[in-house]
Amino acid sequence: MTQTAPAESEDLPTGAPRGDELGDGERAPEAAAVNTRERILDVALDLFIEQGFDGASLRQIAERLGVTKAALYYHFESKDDILMALHLRLHEFGRDALIRMGDGPVTLTLWGELLGEIVDQMLAQRKIFLMHERNQAALEKLHRKDHDAEHEDIQNQFRQVLADTRVPLRDRVRMAASFGVVFSSLFLSGEAFSSTTNEELGEMLREVIRNVLQG
C-alpha cells in the first residue's frame with residue numbers, strides 16, 4: 001500500500017518523484033519498485049553497520065541512493081521500519097528448508113543438505129549478523145506482535161521436526177546440535193570470523209556439520 005511522508009518530515013521537495021516512479025515521472029514497473037526497496041535496505045544496512053542505527057539518518061540513506069526522502073517514505077514509514085525489514089531477512093533462512101521438509105520424517109541426509117543451503121543463504125547475508133552485533137539495543141526496542149508471532153511460528157516448526165519420534169532420538173540430537181553449529185558460528189560469534197572469506201567459512205562449517213551428523 002502506498003505510504004505518504006509524515007507532515008513533520010524535513011525538506012521534502014514538492015512534486016518529488018515517489019518511490020514507484022522514474023525520474024521523469026513515469027510509473028515504474030513493479031519489479032523496479034521491489035528493486036528500489038531492496039537497494040534502500042542494502043544502503044541502510046551499510047550505514048547501520050558503519051554509524052549505528054541511532055547515528056544514521058534517513059537523509060543519509062537517501063543521499064547515498066541519490067533519491068529524495070519522499071522516495072524512502074513510499075517504501076518505509078520510518079527508520080524503525082527499515083531496521084525491522086532488515087531483521088526479517090533472518091526469517092527467510094529457514095523458511096525454504098521447512099517447506100522442503102514437508103510432513104514426512106526427516107533423514108540425516110536431507111537435514112545435512114538443508115543446513116548446507118541455509119549456510120549459503122546466511123553467508124550471502126553475512127552483514128546482517130554484524131548489524132545485529134552493533135545495534136542490539138535498537139533491535140531490542142522493536143517488539144511487534146506480527147514479528148514475534150512469525151518468529152515463534154518458525155521456531156515451533158523446527159521444534160516439531162526435532163520432536164518427531166519417527167526419527168531415532170540419536171539422529172534428532174545430532175540434527176539439533178548441527179543446527180546449533182550453524183547459528184552459533186554465524187549469529188552468536190559477532191565479528192570473531194570477520195577476516196575469514198565466505199568460501200573458507202562455508203567449507204569449514206559444512207565439514208563440522210558432516211562430522212556432527214555422522215557422529
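A residue counts as buried when its relative accessible area is under 20%. Keep that cut-off in mind for this tour of a predicted model.

**Start with Ser185.** Select Ser185, which is found in helix H10, residues 169-186. Its relative accessibility is 17%, so Ser185 counts as buried. Now show its surroundings. A polar atom of the Ser185 side chain lies 2.7 Å from the backbone oxygen of Val181. Leaving out residues up to four places away in sequence, Ser185 touches Gly180, Phe193 and Leu205.

**Zoom out to the whole chain.** Colour by secondary structure. The protein chain has 11 helices and 0 strands. Of its 215 residues, 40% are buried. The chain exposes about 12100 Å², and carbon and sulfur atoms supply 51% of that.

**Select helix H6, residues 108-124.** H6 has 17 residues. From first C-alpha to last, H6 reaches 24 Å, close to the 24 Å expected. Show its side chains. Among the buried ones are Leu108, Trp111, Leu115, Ile118 and Met122.

**Move into the core.** The largest nonpolar core holds 55 residues. H6 gives the most to this core, with 9 residues. Which members touch the most other members? Select Phe48, Ile61, Ile82, Leu86, Met101 and Trp111. Then centre on Phe48. Beyond its neighbours within four places in sequence, Phe48 is in contact with Phe53, Ala56, Lys79, Ile82, Leu83, Leu86, Met131 and Asn135.

**Now look for charges.** The whole structure has 11 salt bridges. Select Arg89 and Asp42: their closest N and O atoms are 3.1 Å apart. Arg89 sits in the loop between helix H4 and helix H5, while Asp42 is in helix H1, 47 residues apart. Is Arg89 buried or exposed? At 11% relative accessibility, Arg89 counts as buried. Asp42, at 38%, counts as partly exposed.

Next, select Arg100 and Glu117. Their salt bridge brings N and O atoms to 2.4 Å. Arg100 lies in helix H5 and Glu117 in helix H6, so the pair ties together parts 17 residues apart in sequence. Arg100 is partly exposed at 41%, and Glu117 is partly exposed at 32%.

**Last stop: Arg166 and Asp164.** These side chains meet in a salt bridge, 2.9 Å from N to O. Arg166 is exposed, at 52% relative accessibility. Asp164 is buried, at 14%. To finish, select Arg37, Glu38, Asp42 and Arg89 together: salt bridges that share partners join them into one network.

Terms used
Residues numbered from 1 in each chain as written. Predicted model: local features only at pLDDT ≥ 70, side-chain atom pairs only at ≥ 80, totals over all residues. Heavy atoms only, no water. Helix = DSSP H or I, 4+ residues; strand = E, 2+ residues; numbered from the N terminus. Buried < 20%, exposed > 50% of the residue type's maximum accessible area, 1.4 Å probe, protein only. Areas by Shrake-Rupley, 256 points an atom, 1.4 Å probe, with all protein chains shown as cover. Expected span 1.5 Å × (residues − 1). Polar contact = N/O pair within 3.5 Å; in protein donor to acceptor, adjacent residues only side chain to side chain. Contact = heavy atoms within 4.5 Å. Core = buried A, V, L, I, M, F, W, Y, C linked by side-chain atoms within 4.5 Å. Salt bridge = Lys/Arg side-chain N within 4 Å of Asp/Glu carboxyl O.
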